[in-house]
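Subject: Handing over the structure

Hi,

Here is the structure I promised to pass on to you. Please have a look at it first, and then read on for what turned up in it.

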Amino acid sequence: MAHRFFKYCIGLAGIVALSSFFVPEQAIASQLFPEVVLSSEEEAGDALKNDVVCLDISQGDIYISSEGYSREDDGTLTAFEGVYRISGNSREDYGIYILDGIHTVILDDLTIDQRTLRQCCPMIVGEDCDLTLYLHGDNVLFAGAGYSGLVVRDGASVDIQGFGLGSIALMAYPENTGEGLVGTSAIDVEEDACIQYPETIGDEDEIDIYTGDNRLSPERACTYNEEPYLQITYSVSHRCTVLSPEADCTHSQYCLECGREVRGKTPHIIGSAATCTEGATCSVCGETVGDALGHRGVWKLDQVSGNGRYRREVMICTVCHETLYRTVDTGENK
Ligand SMILES: [Zn+2]
Ligand SMILES: [Zn+2]
Ligand SMILES: [Zn+2]
């Protein structure tokens, strides 16, 4: 769990910002422009930015900073500047922590359900971070006691976007601590922070927003005035046009806007052909593909021993010309 986050006080003041809606121009613009596939030159210079990394919450906490990501607090950092696609299912206290910087994160059928726990939060966006959150499939962020489903720290900005069909259900778990009631709103927006999601962006597109009490055990909840449950559902037309480099045998191609896998990995391309002793290798990734062919030729009698019981045979491979021997036990003495 990210202890560094809990030193921040729990802000309840900024919830007002929830009521501000806007129209995402980017979603509309992406449908007007032709498909853009990043060239290999761009890929070489900008490899970290034009990529999508897939992380599974069931493997532990996810820390995202401007330099990359790690799976432990102050753990080994993997340098990365591209799009994060987070999926999986967790009922542990694992969370997503945006530490600093500007990021695009796709939630893809992600469930973080902490309702049986205390003092933990599924997702915290740190101070002054700028996060664009895309929704794919159905996503759930249910907090442990004393927290909101999503916390947006002082000065941070979160923009929730939907591409295609996507939803997010957020739930707070209000708890009365000695210092008062905390975890009262589905999204906790601290002072000078803001959160945005569109009310509607066109005739065919639908955005549904539900609020209300949908708690697992309402009897455990204290008295509160805020809305502890919020669901945002998108049904938005989207064409994937800004794509990561072409798929090959080592990686898939993704839409860099919505994170969808546009083309899966391709088959290996045979570089060097299979030989008698080694399988073929892929010219792209170097992996061995398929089995060795085996030597070919005719075994001929070379020598007899053990009173005629053992036959040593010899073969010269017609392909590689290697000389091979084998001993055959005929099982009978002559
Ligand atoms: Zn897309
Ligand atoms: Zn390959
Ligand atoms: Zn051979």
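The zinc ion (ligand 3) is held by Cys276 (SG), His295 (ND1), Cys317 (SG) and Cys320 (SG), at 2.1 to 2.4 Å. Donors here are N, O and S atoms within 2.8 Å of the metal (3.2 Å for Na, K and Ca), and water is not among the atoms, so sites may look incomplete. The angles that the 4 donor atoms subtend around the zinc ion (ligand 3) run from 97 to 114 degrees, which makes the arrangement tetrahedral. For that label, four donors need all angles between 85 and 135 degrees. Along the chain, the donors of the zinc ion (ligand 3) have the spacing C-x18-H-x21-C-x2-C. His295 counts as partly exposed because its relative accessibility is 26%, while Cys317, at 0%, counts as buried. The cut-offs are these: buried means under 20% relative accessible area, exposed over 50%, and partly exposed in between (1.4 Å probe, protein chains only).

A word on how to read all this: the model is predicted, so local features need pLDDT of at least 70 and side-chain atom pairs count only at pLDDT 80 or more, whereas totals for chains, interfaces and linings use all residues. Residues are numbered from 1 along each chain as its sequence is written, chains are lettered from A and ligands numbered from 1 in the order in which they are written, and side-chain values use heavy atoms, with hydrogens and water left out.

Now to the zinc ion (ligand 2). Its donors are Cys249 (SG), His268 (ND1), Cys282 (SG) and Cys285 (SG), at 2.1 to 2.4 Å. This site is tetrahedral, with angles of 99 to 113 degrees among its 4 donor atoms. The spacing of the donors of the zinc ion (ligand 2) along the chain is C-x18-H-x13-C-x2-C. Cys282 is buried, with a relative accessible area of 4%, but Cys285 counts as partly exposed at 32% relative accessibility.

Stepping back to the whole chain, the secondary structure comes to 3 helices and 26 strands. Helices (H or I, at least four residues) and strands (E, at least two) are DSSP runs, numbered from the N terminus. The protein chain has 334 residues, and 45% of them count as buried. Of the contacts (heavy atoms within 4.5 Å) between residues at least 6 apart in sequence, 62% join residues at least 24 apart. The chain exposes about 16700 Å², and carbon and sulfur atoms supply 47% of that. Accessible areas come from the Shrake-Rupley method with a 1.4 Å probe; for residues, only the protein chains shown count as cover.

Next, the charged pairs. Side chains of opposite charge can pair when their charged atoms come close. The structure holds 9 salt bridges, a salt bridge being a side-chain nitrogen of Lys or Arg within 4 Å of a carboxyl oxygen of Asp or Glu. In one of them, Arg91 and Asp113 meet at 2.9 Å, N to O. This pair links distant parts of the chain, 22 residues apart, with Arg91 in the loop between β6 (83-90) and β7 (96-98) and Asp113 in strand β8 (residues 102-113). Arg91 counts as exposed at 53% relative accessibility, whereas Asp113 is buried at 7%. Arg91, Asp113 and Arg115 are linked in a network of salt bridges.

Arg153 forms a salt bridge with Glu190, with the closest N and O atoms 2.7 Å apart. Arg153 lies in the loop between β11 (150-152) and β12 (157-171) and Glu190 in the loop between β15 (187-189) and β16 (194-196), so the pair ties together parts that are 37 residues apart in sequence. Arg153 counts as buried at 1% relative accessibility, and Glu190 counts as buried at 7%.

Enjoy exploring it!

Best wishes

Key. Four donors count as tetrahedral if all angles lie between 85 and 135 degrees; four count as square planar and six as octahedral if opposite donors are over 155 degrees apart and all others between 65 and 115; anything else is irregular.
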